[in-house]
Amino acid sequence: MSISRREFMRNSIGSAALMSLPAGAALAAQSPAAPAKPFKLAISTYSYWHFKTPKVPIEKVIDEAALLSVEGVDILHRQMESEDNAYLQKLKRHAFRNGVDLVSLSIHQDFVSPDAAERQKDIDHTIKCIELAYKMGIPCIRLNSGRWGTIKSFDDLMAARGVEPAIPGYTEDDAFKWCIDSIQQCLAKAAECGVMLAIENHWGLTSSPEGLIRIRKAIDSPWMGLLLDTGNFLENPYDKLQMVAPHADFIQAKTYYGGGEWYTLDLDYPRIIRILRDAKYNGYISIEFEGKEAAESGVRKSVEMLRKAMG
């Protein structure tokens, strides 16, 4: 097959132009940018149980995740039926058979107490939960800093936007020291079991980005991490999410279909996804549906919305 002189010259000029570019630039000129890789999703078992009704079995949430082609499940410790090893292994087997990863164990503890014996109880509880996660093959547990407890009711705390006064005679610096010292006592077990400790912006000392990052940066360990909950910064959330995202190892994404149990945030998830991509976040996003709509439809809508936001 013959080509005209004009076609020959046009092809030659184009090839010469590419050859004159640096190698990386020439490759970019030939190949369109690859689309951003979607994040793996998980579902928090909390999405199906908000403490106000009989517990929803963890197995049901694993089944729902498989039905929705969601990759992971984030287990709420208080929702578990038992801590017996037989139960733990049953959950692990059920997840494996359904092609679902168990990615996090969300636990509760409170290190904000002037009583060393009280703090020790929560240190012991955290170490026990690290071992539970290890037995289930879960690589991460959620940590709380704890709070002063001067507002007793969680409903009242939410009405106060998560802010409460210190115990008389003590300061925030005291509380940060108790929390940091307590977490450090859990690190040897975390390293032994290969379980990351991820401190969450979950009221108390971690209500602000500054408090959350202060704890994270005070503990120099590869087993100390940070869990960013998109719904726990009640004012100016995007600026705060942007501050924390570069430090995040795990994300929980709140949704509120049917109106929130305690409050409702109108979160812009395409914007949040851009924040996470700009921060080079590569981990899971776990859905925490906290609305009053039926969990099955609320979670389904949440999965569809996040997949759309991820493009």
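F51 is partly exposed, since its relative accessible area is 38%; here buried means under 20% relative accessible area, exposed over 50%, and partly exposed in between, with a 1.4 Å probe and protein chains only. This is a predicted model, in which local features need pLDDT of at least 70 and side-chain atom pairs count only at pLDDT 80 or more, while totals for chains, interfaces and linings use all residues. Residues are numbered from 1 along each chain as its sequence is written, and side-chain values use heavy atoms, with hydrogens and water left out.

The structure holds 8 aromatic pairs. Rings of Phe, Tyr and Trp (its six-membered ring) pair if their centres lie within 6.5 Å; planes under 30 degrees apart count as stacked, over 60 as edge-to-face and the rest as tilted. F51 forms a tilted pair with Y46, at 5.8 Å centre to centre and 45° between the planes. Y46 is buried, at 7% relative accessibility. Together with W49, Y46 and F51 make up one aromatic cluster.

Charged ends also sit over rings (NZ of Lys or CZ of Arg within 6 Å of the ring centre and within 35 degrees of the ring normal). That of K52 lies over the ring of W262, 4.8 Å from its centre, and that of R214 over the ring of F176, 4.0 Å from its centre.

With a disulfide taken as a pair of cysteine sulfur atoms within 2.5 Å, the count is 0. For C179, the nearest cysteine sulfur is that of C186, 9.8 Å away. C179 is buried at 0% relative accessibility, and C186 is buried at 1%.
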